[in-house]
Amino acid sequence: MAKNKYVAYVSTYTQGDNHGIRIYDVDIDNGRFIEKDKVQITNSSYLAESHNRKYLYSITDMGVEAFKIMPDGALEFINAASINGMRGCYVSTDYTDRYLFVAGYHDGKLTVLELNDDGSIGKITDEIYHKGMGSMANRNFRPHINCARMTHDNRFLLVADQGMDHVNVYSLDLVSGKMRLVDIIRSELESAPRHIKISKDGKFIYILHEQKCFIDVYEYEFKNNLPYFTKIQSQQVLKWEYGTNAVSAFSFSTDYNYLLTSIAGDNSVAVYDVDQKTGKIKKNFMLPIAGEYPKDAEIFPNNKFLVSLNHETNSMTFFAIDLDAHTMVMNGKPLKVHTPNCIMFHKL
């Protein structure tokens with residue numbers, strides 16, 4: 001039986017180098033990367049793959065760029081599009097790959113763009129500016145959108161606003177590409193919801209709160225043509241001390257049995273066991289990542305290794321993990337990469 005092969009895409013800021021995406025062959029057996037290519041793009045801060053796995057989308061200074069994923073994992077540029085605002089920080093697609101969503105941290109703006117059958121980015125179909133006065137003095141008392149992702153039934157877009165301490169829930173008109181606010185999931189004041197993940201079956205929503213370092217778990221139901229969100233767990237990542245630590249990365253393992261987050265300040269990574277039946281999580285381990293500001297991190301598809309992107313120390317560090325023994329051991333030397341932001345595995 002042929003073994004699955006993977007590449008890893010790593011997005012970076014470009015200071016003195018215009019190659020903002022690095023492509024690595026993944027040595028799945030030894031838990032390492034081998035650089036194979038690099039792509040010209042300015043300040044790639046976040047990446048997303050289409051659900052049909054044919055296209056890659058990236059934030060860039062002027063908006064968003066689209067790439068075709070080639071059979072060997074190489075990227076072929078398709079086109080670029082403006083988002084008619086300040087640079088975005090997050091990008092995702094709906095489950096039909098007909099619309100692209102861009103979250104704007106700096107201007108608190110959600111932008112919706114059409115996607116064409118060839119993966120290219122089309123016109124803007126909707127623009128929504130979040131409004132209001134937030135509670136965070138160090139976030140200038142205003143909206144800062146950091147994440148936008150669809151529920152698995154493709155009915156609702158969940159939009160995390162760090163400045164306003166809540167997640168807006170929008171319905172999506174698949175014909176017009178227009179959004180309509182239908183609900184708000186409110187978080188604790190000064191908690192700063194940063195990222196959202198959804199269970200494999202779509203029944204549970206996980207919200208990571210950057211400032212107060214905790215994860216809320218919600219059960220999601222659709223009934224009477226409305227979304228319902230019931231909080232079933234609130235899991236503290238580590239003791240909250242104002243301004244000392246901030247959680248950053250948030251990702252599932254490929255099999256959805258584990259959920260990972262990283263902590264800047266403490267410079268560690270925490271991995272949780274996921275009960276896929278109840279949706280609840282339990283800490284497996286939390287250990288240091290041998291770098292500063294682990295902005296993103298991922299568990300390898302075989303659940304035997306872990307990689308951390310250390311933004312302030314310009315490195316990726318690799319670890320062998322044993323999820324039964326709750327251990328993590330450094331696996332070789334750090335790999336140099338300038339100001340890494342985001343990582344994504346792609347199966348060839």
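Of the 348 residues of the chain, what percentage count as buried? The figure is 59%, where buried means under 20% relative accessible area, with exposed over 50% and partly exposed in between, for a 1.4 Å probe and protein chains only.

Colleagues, a word on the basis of these values. This is a predicted model, in which local features need pLDDT of at least 70 and side-chain atom pairs count only at pLDDT 80 or more, while totals for chains, interfaces and linings use all residues. Residues are numbered from 1 along each chain as its sequence is written, and side-chain values use heavy atoms, with hydrogens and water left out.

I begin with the overall form. The chain has zero helices and 29 strands; both are DSSP runs numbered from the N terminus, helices being H or I of at least four residues and strands E of at least two. Along its principal axes, the C-alpha trace spans about 50 × 45 × 45 Å.

Four strands form an open sheet in the order β8-β9-β10-β11, with antiparallel pairing; two strands pair if DSSP finds at least two bridges between them. At the edges stand β8 (90–93) and β11, each with a single partner strand, so one side of each is left without a neighbour in the sheet. From one strand to the next the twist averages 20°, with axes fitted as lines to C-alpha atoms, for helices over the stretch in contact, and angles running from 0 to 180 degrees between N-to-C directions.

Let us follow the pairings across the sheet. Four bridges join β8 to β9, and Ser92 stands opposite Phe101 in β9. Six bridges join β9 to β10, where the partner of Phe101 is Val112. A further six bridges join β10 to β11 (residues 121–129), and here Val112 has Asp126 as its bridge partner.

Two hairpins connect these strands. The hairpin of β9 and β10 has four residues between the strands, and Gly108 takes a positive phi near 60° there. In the hairpin of β10 and β11, with five residues between the strands, Gly119 takes a positive phi near 90°. Six of the seven residues of β10 are buried, so β10 is largely enclosed by the rest of the structure.

What does a search of the whole structure find in the way of cavities of 30 Å³ or more? There is one, and about 30 Å³ of space lies in the largest cavity. A cavity is a set of points, on a 1 Å grid over the protein atoms alone, where a 1.4 Å probe fits but cannot get out; lining residues have an atom within 4 Å of a point. Grid points are joined across faces, edges and corners, and the volume is the space filled by probe spheres set on the points.

The lining consists of Ile83, Met86, Val102, Ala103, Gly104, Asp107, Lys109 and Thr111. Strands β9 (99–104) and β10 (109–115) are the elements that give two or more residues to it, and β9 gives the most, with three. Gly104 lies in β9 and counts as buried, at 3% relative accessibility.

Note on methods: On a 1 Å grid over the protein atoms alone, a cavity is a set of points where a 1.4 Å probe fits but cannot get out, and a pocket is an open set with protein on both sides within 12 Å along at least five of seven lines; lining residues have an atom within 4 Å of a point.
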